[in-house]
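Subject: Structure handover and findings

Hello,

My notes on pockets, backbone geometry and salt bridges follow below.

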Amino acid sequence: MVTIIRNAKVYQPEYAGRQDILILGGTIAAVGQGLKADLGGSVPVTILDADGLAAVPGFIDSHEHILGGGGEGGFHTRTPEASLGDLIRNGITTVVGCIGTDGVGRDQAALLAKVHALENEGITAYAYTGSYQVPVRTLTGSLMKDIMMLDKVIGVGEIAISDHRSSQPSFEEFARIAADARVAGMLSGKAGIVNVHLGDGPRRIDLISRVIHETEIPASQFLPTHVNRNEGLFDACLAFAEEGGAIDFTGNEDIDYWETVCDEVRVCTGIRRLLDRGIPDDRFTISSDGQGSLPMFNSRGEYQGIGIGKASCLLKEIRECVFREGIPLETALKGVTSNPASILKLNAKGRIRPGFDADLCLLTEDSLELHTVLARGRIMVREGKQQVFGTFEQV
């Protein structure tokens, strides 16, 4: 399988000018001008004309409920699983699956089965072990064993803190999770990241702050998510980023509504504030919380209704960064490409460079609409139309 993308504006995610991209099998072989692949006619060569298009790395969604989430309103409020189409139609070529509130009805065996299913269908998938609950529920009976011995497990999470749905972990329990994940990551060459769900509680990131100030564990061991949930939490997370930590913004397709009823921070606004404070642009990621439940509770913690996270928010947030806040495209793209790849130690992902996996999106130059998606060199979406379907998507 040989593909040449011609005359694209290449973002690696850094802007590299107009280039051709040569793909051999599932790998980027070369990036340059006037590239050719003369194989004597023995192997067909697919040419993609990218004039008027920007080539960017395939998106990495570092926090998605690929098994579905929810249940806070009863069994009938369990959200559905992600399909292949949910991901590739939104430019996602790598996804990290997690379990949220319900670590009973959904478990690690089911999560890993879903990871392998998505891999079989054509994209790259990983998982966090555990869920909201502490002690962490694992597959092997040990957090360290899960990370070290299960090749698709790259960390632990989403561990819930500052939330009425959490297990209310103690400092000692939380620190032990971080310590075990760190050592397991070191021994296996993985990130061993602790993905931390942040709720609306007034303690905000107190447990994370205590660990990095009272132990030898560095801020880089954590990736707190939902940091833009409210203003007070976001301010605390900006301070954490100033101390060397990375923070994960949660995209929101319905932010125009939520801004009218709460103080959730719009992703593009939050990234602009981060940059204006001089925080390096490699310390943020953007994830979708796709298929996750978005329950609404009143001031007494009583369930009022539920929504669902959407994978489509990632590209929407990139567009808002560029067109609403004037953030350079190469900077905005880092949140879904090179930054999560670096933080999660996905060493072949997140860049358009020789030797990297051939995960790419072609976007229209003027409006940044999704045009074409390749995952491991295979064309998944072409000219806006899905080409590859999950096993049951067309049934």
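First, the term cavity: on a 1 Å grid over the protein atoms alone, a cavity is a set of points where a 1.4 Å probe fits but cannot get out. A pocket is an open set with protein on both sides within 12 Å along at least five of seven lines. Lining residues have an atom within 4 Å of a point. Grid points are joined across faces, edges and corners, and a volume is the space filled by probe spheres set on the points.

This is a predicted model: local features need pLDDT of at least 70, side-chain atom pairs count only at pLDDT 80 or more, and totals for chains, interfaces and linings use all residues. Residues are numbered from 1 along each chain as its sequence is written, and side-chain values use heavy atoms, with hydrogens and water left out.

**Cavity and pockets**

The structure holds one cavity of 30 Å³ or more. The largest cavity has about 40 Å³ of space. Its lining includes Gly 58, Ile 60, Thr 93, Lys 349, Arg 351 and Asp 357. By class, that lining has three nonpolar, four polar and four charged residues. (Nonpolar covers Ala, Val, Leu, Ile, Met, Phe, Trp, Tyr, Cys and Pro; charged covers Asp, Glu, Lys and Arg; the others, Gly among them, are polar.)

The largest pocket has a volume of about 940 Å³. It is lined by 48 residues, with Arg 165, Asp 200, Arg 229, Leu 294 and Pro 295 nearest its centre. Strand 14 gives the most to this lining, with five residues. Helix 7 (255-261) and strand 14 (293-297) each supply at least two. (Helices, H or I with at least four residues, and strands, E with at least two, are DSSP runs numbered from the N terminus.) The lining divides into eleven nonpolar, 22 polar and 15 charged residues.

The second largest pocket has a volume of about 340 Å³. It has 19 lining residues, and Ile 193, Ser 220, Gln 221, Ser 342 and Ile 343 lie nearest its centre. Helix 4 (171-188) and helix 11 (338-343) each supply at least two residues of the lining. The classes here are seven nonpolar, seven polar and five charged.

**Salt bridges**

A search of the whole structure finds 30 salt bridges. (The criterion is a side-chain nitrogen of Lys or Arg within 4 Å of a carboxyl oxygen of Asp or Glu.) Arg 165, one of the residues nearest the centre of the largest pocket, pairs with Asp 163, the closest N and O atoms being 3.0 Å apart. Both Arg 165 and Asp 163 are buried. (Buried means under 20% relative accessible area, exposed over 50%, partly exposed in between, with a 1.4 Å probe and protein chains only.)

Arg 266 and Asp 256 also form a salt bridge, at 2.6 Å, N to O. This pair links distant parts of the chain: Arg 266 sits in the loop between helix 7 and helix 8 (267-276), and Asp 256 in helix 7, ten residues apart. Arg 266 has 2% relative accessibility, so it counts as buried. Asp 256 is exposed because its relative accessible area is 54%. Salt bridges that share partners join Asp 256, Glu 259, Arg 266, Lys 316, Glu 317 and Glu 320 into one network. Among the buried residues of helix 9 (residues 313-325) are Lys 316, Glu 317 and Glu 320.

**Backbone geometry to check**

Most residues other than glycine have a negative phi, and most peptide bonds are trans. These are the exceptions I would list.

- Gln 12 and Pro 13 are joined by a cis peptide bond, with omega about 25°. Pro 13 is in the loop between strand 1 (2-11) and strand 2.
- The bond from Gly 157 to Glu 158 is cis, omega near -5°. Glu 158 is in strand 9 (residues 153-161).
- His 226 has a positive phi of about 65° and is not a glycine. It lies in the loop between strand 11 (222-225) and helix 6 (231-242). At 7% relative accessibility, His 226 is buried.
- Gln 291 also has a positive phi of about 65° without being a glycine. Its loop runs between strand 13 (284-287) and strand 14. Gln 291 is buried, at 10% relative accessible area.

Best regards
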